[in-house]
Amino acid sequence: MSNSWWEITVLCEPSLEETVFWRLEDFGCSGTATRQKPTSLEVKAYIPEIKVQLPDLEALSRWLKQDALILGFPEPVTSWQLINEEDWASSWKQHWQMSEIGDRFLICPAWLNPPENNQRLVIKIDPGSAFGTGTHPTTQLCLESLEMRLSSHPENKIIADIGCGSGILAIGAILLGAKKVYAVDIDPLAVSATHSNRHLNGIKPENLAVNQGSVEELLELIPDGVDGIVCNILAETIIALMPEITLLAKPTTWGILSGILFTQAQAVTGILERHGWTVAALWKRQEWCCLQIRCTLD
């Protein structure tokens, strides 16, 4: 079957939602959706067929069970099936609805229209296969942090979005008034999704530049550094990238880091301090946290 996807379904205790989200994201899944059932939570996630094989899916099932046992919860039930591209898109439309985030944003699926009386900034998103629909706590925390950071004089700010996924954070920064965002992701599917969502939101390429790659590409594109950095990826990757990320910084640069479990915050903070950053604020939602950081380099 060409253009096929694995649809992974996990039935679990509601309290395991964020742990399951993290495990699925770490596995490489994109576009996670949830639905409350009478006695459990159903989590669905998707990954291209070409990326994993059956032994990988079986290993994922074992990891999910181990995670639950460590936390003292009943084992989740994991199943998977192959679906075609059309079925994947249809499933998204059934599970994902508009949502308000922070004080200013309304996340709107591409196939829906915002209410006529809406006063919020509308981010229209068609996630494709990329992470970032606004439903995950880390995405919400980052958008809320951007609201705060860009609340005054955003018009001259140059922002870097590392691991842009669907482009939701980059688009949010532009809607808040940032002058330009440079967005990068190593996943070509994410780059494609960000290109599509840039067009969907009527944002010009000169305001939102999208490239495949990581910090190395950003250093070539913006050698003079940036005013702000947003990075919503896994904690381990943030730790590994901090030496390069620091090269993007000016003395006044701030950052918003998420994708970090609360239990990982101390390890990330230690690396930040070693590279000349200080944590100005830590926001927590469920098991996840967002670090708002500022550069302390002269």
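Asp-227 lies in strand E11 (residues 226-232), strands being DSSP runs of at least two residues and helices (H or I) runs of at least four, numbered from the N terminus. The model is predicted: local features need pLDDT of at least 70, side-chain atom pairs count only at pLDDT 80 or more, and totals for chains, interfaces and linings use all residues. Residues are numbered from 1 along each chain as its sequence is written, and side-chain values use heavy atoms, with hydrogens and water left out.

**Asp-227**
- Asp-227 counts as buried because its relative accessibility is 13%, the limit for buried being under 20% relative accessible area (1.4 Å probe, protein chains only).
- The side chains of Asp-227 and Lys-250 are joined by a polar contact of 3.1 Å.
- Beyond its neighbours within four places in sequence, Asp-227 has contacts (heavy atoms within 4.5 Å) that include Asn-156, Ile-158, Thr-252 and Trp-254.

**Helices H4 and H5**
- The axes of H4 (residues 137-149) and H5 (residues 168-175) come within 10 Å and cross at roughly 20 degrees.
- H4 is therefore roughly parallel to H5, a term for angles under 35 degrees.
- Thr-139, Cys-142, Leu-143 and Leu-146 of H4 meet Ile-168, Leu-169, Gly-172 and Ala-173 of H5.
- The residues of this contact of H4 with H5 comprise six nonpolar, two polar and no charged.

**Helix H1**
- Nine of the eleven residues of H1 (residues 17-27) are buried, among them Phe-21, Trp-22 and Arg-23.
- Gly-28 follows H1 and has a positive phi, near 110 degrees.

Terms used: Axes fitted to C-alpha atoms, helices over the stretch in contact; angles between N-to-C directions. Parallel < 35°, antiparallel > 145°, perpendicular 65-115°, else oblique. Nonpolar A, V, L, I, M, F, W, Y, C, P; charged D, E, K, R; others polar. Buried < 20%, exposed > 50% of the residue type's maximum accessible area, 1.4 Å probe, protein only. Polar contact = N/O pair within 3.5 Å; in protein donor to acceptor, adjacent residues only side chain to side chain.
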